[in-house]
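User: Please go through this model with me and set each value against the definition that stands behind it.

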Amino acid sequence: MSAKEVVQKFYKSDALIDSEVIKDFLHPEVIVEWNSSKGFIQLDYDSLLSLSNDLSKAYVRSKVRISHIMSENDLISVRYSHFVKTIENPREEMLLAHFMVIWQIKDNKLFRGYQMSQLS
């Protein structure tokens with residue numbers, strides 16, 4: 001599987017809200033450097049599992065719409081919007097945020113992520 005296919009498969013899965021699914025995509029030494037609206041956050045394997053678990057408590061559905069994806073060797077750049085359905089209102093899809101991320105793939109897993117986000 002190509003690096004681009006790994007990233008596409010990740011965003012098409014329920015990994016963002018399912019800590020069991022996300023395990024299949026994360027390299028054991030994964031690090032994500034995230035510039036968010038709350039400031040800079042650095043996440044490792046355990047904190048990404050925890051984040052996925054926290055998201056699953058608030059959202060019943062998660063959908064990523066990729067607008068741009070480019071690859072060069074083991075680096076994949078992705079621009080996407082993240083939509084969710086809340087537990088309180090599972091019929092209404094809501095835009096959570098817009099993201100831009102560069103992923104480095106190692107051993108067919110997400111190894112390094114450099115991400116920026118903007119709330120909707």
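Analyst: What follows takes up the chain, one serine and a pocket in turn. This is a predicted model, in which local features need pLDDT of at least 70, side-chain atom pairs count only at pLDDT 80 or more, and totals for chains, interfaces and linings use all residues. Residues are numbered from 1 along each chain as its sequence is written, and side-chain values use heavy atoms, with hydrogens and water left out.

User: Why is S13 called buried?

Analyst: Buried means under 20% relative accessible area, with a 1.4 Å probe and protein chains only; S13 has 19%, and therefore counts as buried.

User: Which residues is S13 in contact with, leaving aside its neighbours within four places in sequence?

Analyst: With contact meaning heavy atoms within 4.5 Å, S13 is in contact with V21 and F25. The side chain of S13 also reaches the backbone nitrogen of A15 at 3.0 Å.

User: How many residues of each class line the largest pocket?

Analyst: The lining has 20 nonpolar residues (Ala, Val, Leu, Ile, Met, Phe, Trp, Tyr, Cys and Pro), one charged (Asp, Glu, Lys and Arg) and six polar (the others, Gly among them).

Key: Buried means under 20% relative accessible area, exposed over 50%, partly exposed in between (1.4 Å probe, protein chains only). A polar contact is a pair of N or O atoms within 3.5 Å; within protein, one must be able to donate a hydrogen and the other to accept it, and residues adjacent in sequence count only if both atoms are side-chain atoms.
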